[in-house]
Amino acid sequence: MKLRSCFSVLTGLLISFALSLALAQEWDDAEFADLNKCVCQAPDETWRTIAWKTDLLEAQRTSVAESKPIFIWAMDGHPLGCT
């Protein structure tokens, strides 16, 4: 059983290596700029205009003063879901 799992891991590594070699390419400035535009977010996106708070009590005071609700994002566990 151990030999089979070692073989599976080795096969996966070899396939990953072969794919990385096959997909490796040189990019010119225009291609990189296009990719960068897709990946990077614009500074004027709506969620960037919100005055996010990391302190709950400060957020509560601000919400009372401005008569606005509080949006709380809470999670439990590993951020990548590896629990």
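**Helices and strands.** Before counting, I needed a rule: helices are DSSP runs of H or I with at least four residues, strands are runs of E with at least two, and the numbering starts from the N terminus. The model I am reading is a predicted one. With that rule I get three helices and zero strands. Going along the sequence, I jot the pattern down as α-α-α. Helix 2 covers 29–39, and helix 3 covers 56–66.

**Surface and burial.** How many residues does the protein have, and what share counts as buried? I find 83 residues, and 2% of them count as buried. Buried here means under 20% relative accessible area. I also looked up the accessible surface, which is about 8,300 Å². Carbon and sulfur atoms account for 64% of that surface.

**The largest pocket.** I looked for pockets next and noted that the largest has a volume of about 570 Å³. It is lined by 17 residues, and those closest to its centre are Ala51, Trp52, Lys53, Ala59 and Phe71. I sorted the lining by type too: 10 residues are nonpolar, three are polar and four are charged.

**Trp52, a name that keeps coming back.** Trp52 is in the loop between helix 2 and helix 3. Is Trp52 buried or exposed? Trp52 counts as exposed, because its relative accessibility is 52% and the cut-off for exposed is over 50%. I then checked Trp52 against Phe71: they are 19 residues apart along the chain, and their C-alpha atoms are separated by 9.5 Å.

**A nonpolar patch.** Trp52 and Phe71 turn up together again in a nonpolar surface patch, along with Trp47, Ile50, Trp73 and Met75. I wrote down about 810 Å² for this patch. Met75 lies in the segment after helix 3, and it is exposed at 53% relative accessible area.

**Salt bridges.** For this I needed a cut-off: a side-chain nitrogen of Lys or Arg has to be within 4 Å of a carboxyl oxygen of Asp or Glu. I count two salt bridges that way.

- Glu58 pairs with Lys53 through their side chains, at 3.4 Å from N to O. Glu58 is partly exposed at 33% relative accessibility, and Lys53 is partly exposed as well, at 37%.
- Glu66 pairs with Lys68, at 3.8 Å from N to O. Glu66 is partly exposed with a relative accessible area of 46%, whereas Lys68 counts as exposed at 52%.

**Leu56.** I went back to helix 3 and found Leu56 there. Leu56 is exposed, since its relative accessible area is 52% and exposed means over 50%. How far apart are the C-alpha atoms of Leu56 and Ile72? I get 8.7 Å, for two residues that are 16 apart along the chain.

Last entry. Most residues other than glycine have a negative phi. Ser67 made me stop: its phi is positive, about 55 degrees, although Ser67 is not a glycine. Where is Ser67 found? Ser67 is in the segment after helix 3. With a relative accessible area of 68%, Ser67 is exposed.

Conventions: Residues numbered from 1 in each chain as written. Predicted model: local features only at pLDDT ≥ 70, side-chain atom pairs only at ≥ 80, totals over all residues. Heavy atoms only, no water. 1 Å grid on protein atoms, 1.4 Å probe; cavity = no way out; pocket = protein on both sides within 12 Å on 5 of 7 lines; lining within 4 Å. Points joined across faces, edges and corners; volume = space filled by probe spheres on them. Nonpolar A, V, L, I, M, F, W, Y, C, P; charged D, E, K, R; others polar. Patch = residues over 30% accessible without salt bridge, like charges linked within 9 Å, V, L, I, M, F, W, Y side chains within 5 Å. Areas by Shrake-Rupley, 256 points an atom, 1.4 Å probe, with all protein chains shown as cover. Buried < 20%, exposed > 50% of the residue type's maximum accessible area, 1.4 Å probe, protein only.
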